[in-house]
Amino acid sequence: MRRRYRAAEAVAAALLLALSAACGSRLPESDFEHDDRTPAPQDAAPLRVGIITSATSPVGGAAFTGPRDGAKAWFDRLNARGGIDGRRVEVRLCDDGGSGVGNNECVHRLVEEDEVVALVATTALDYAGASRVSRARVPDIGGQPIGAAYDTYPHLYGIYGSLAPRNGTTGWDGTLYGGTEVYRYFKREHGARTAAVVSYNQSASAAYARLVERGLRAEGYKVVTEQVDFALPNFRAVAADLKEQGADLVFDAIDGHGNARLCQAMDEVGADVTAKVTNVQNWTSTVPDDYKDAPRCRNALWATGSSRNFDDTGHPAVREFREATKDLRTHSQWQLEGWAAARWFTDAARSCARTGITRACVDAYMNRSQGYTAGGLLLPVEFARLAEPPKTGDTCLSVARWQDGRGWVSQGDMNRTCFTVPQLAYQP
């Protein structure tokens with residue numbers, strides 16, 4: 001089965017929203033050997049699930065709410081149709097404020113006080129409570145891998161899967177691996193040979209930029225590095241150099257506001273590129289507003305990820321998502337992934353309806369759900385627990401480009417846009 005191993009940039013890019021780094025911590029293996037959880041009620045109605053979101057944080061109010069909104073839309077629709085085995089799903093929300101203290105408070109409230117049967121679509125800037133969730137053996141389903149928690153702890157099931165042992169140590173002895181499929185795609189499909197990487201003079205931004213540079217060089221690109229001052233960035237000078245260097249592609253390790261300013265500067269100096277490549281966090285319907293002053297660069301925006309384009313309404317699962325979220329002011333890829341996470345929980349709970357919807361039963365389903373796609377919304381997800389890290393991977397990729405008047409236009413079939421690429425080590 002071909003699938004996409006989560007690329008390193010899928011983890012690091014989210015961290016750049018806050019320009020901060022996250023790392024896993026090691027717990028004694030004994031923490032995972034005993035069951036000290038409080039069982040979720042089996043005969044209660046409704047069925048409780050929890051969603052932890054950094055809805056208010058230093059990054060800004062709208063940065064992390066997409067998965068929450070998508071998951072809520074699924075559960076609203078599910079309840080309108082009778083719930084799960086006649087039981088309504090009650091969604092308990094918790095905003096952790098983007099802090100570790102707040103995250104631990106949310107975990108305590110939802111897991112220990114509200115006794116939710118599962119967490120769904122977690123999107124936390126600092127998932128400090130991850131070890132507590134794991135010790136309680138609460139399945140955390142379809143969370144966004146902003147930090148390393150989903151490659152560290154058992155009972156946590158990130159939206160893109162994991163090949164790591166997940167025994168309390170991050171990855172393989174603290175090292176994670178990501179593929180070069182994004183760079184291979186643009187080289188193979190568009191003949192790109194020169195790529196620029198733009199970063200801030202800030203540690204997390206620079207570290208992520210180095211990771212992108214390694215991947216590009218591994219794929220044979222000529223790499224142009226551009227660094228700007230975080231406090232007083234001169235994007236016009238960067239744009240002028242991109243033009244002079246003849247860059248085919250532009251990757252970045254900067255925030256959304258900086259991206260918009262960079263694009264505007266590129267338009268002003270006439271720096272035309274094959275693709276200005278962004279990530280799943282910026283795969284949204286707000287492009288016309290975010291890049292209103294950069295029409296040429298705006299129409300060179302490309303996004304890559306591991307889920308089906310939310311504008312691909314020709315696909316029935318996407319069409320269902322869009323119909324259920326038609327009242328939302330904006331749409332995004334993270335909303336679709338939150339919807340997929342809620343669907344994943346629902347499939348797990350339905351499998352347990354006959355014997356009782358408990359934490360243990362839902363967790364057992366998640367451990368068995370190899371190749372899960374949420375009805376075609378996700379590339380097949382795998383939790384393999386490999387003893388040794390992979391050296392190469394058969395990887396697939398979802399690709400879309402922005403076009404004014406059409407929105408995000410899918411580029412090929414994500415299940416057939418596949419490559420065998422090296423897996424490069426990196427420190428989270």
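Two rings of Phe, Tyr or Trp (for Trp, the six-membered ring) count as a pair here if their centres lie within 6.5 Å, with planes under 30 degrees apart called stacked, over 60 edge-to-face and the rest tilted. With that in hand, look at Y157, W344, Y372 and F383, which form one aromatic cluster.

Some ground rules for reading on. This is a predicted model, where local features need pLDDT of at least 70 and side-chain atom pairs count only at pLDDT 80 or more, while totals for chains, interfaces and linings use all residues. Residues are numbered from 1 along each chain as its sequence is written, and side-chain values use heavy atoms, with hydrogens and water left out.

Back to the rings: the whole structure holds 16 aromatic pairs. One of them joins Y185 and F186, edge-to-face, with 5.0 Å centre to centre and 85° between the planes. Both Y185 and F186 are buried, meaning under 20% relative accessible area with a 1.4 Å probe and protein chains only (exposed is over 50%, partly exposed in between). W402 and W408 also pair edge-to-face, at 5.6 Å centre to centre and 75° between the planes; W402 and W408 are buried too.

R77 lies over the face of W74, 5.4 Å from the ring centre; the test asks for NZ of Lys or CZ of Arg within 6 Å of the ring centre and within 35 degrees of the ring normal.

Now zoom out. Of the 428 residues in the protein, 58% are buried. Among contacts (heavy atoms within 4.5 Å) with a separation of 6 or more, 72% link residues 24 or more positions apart.
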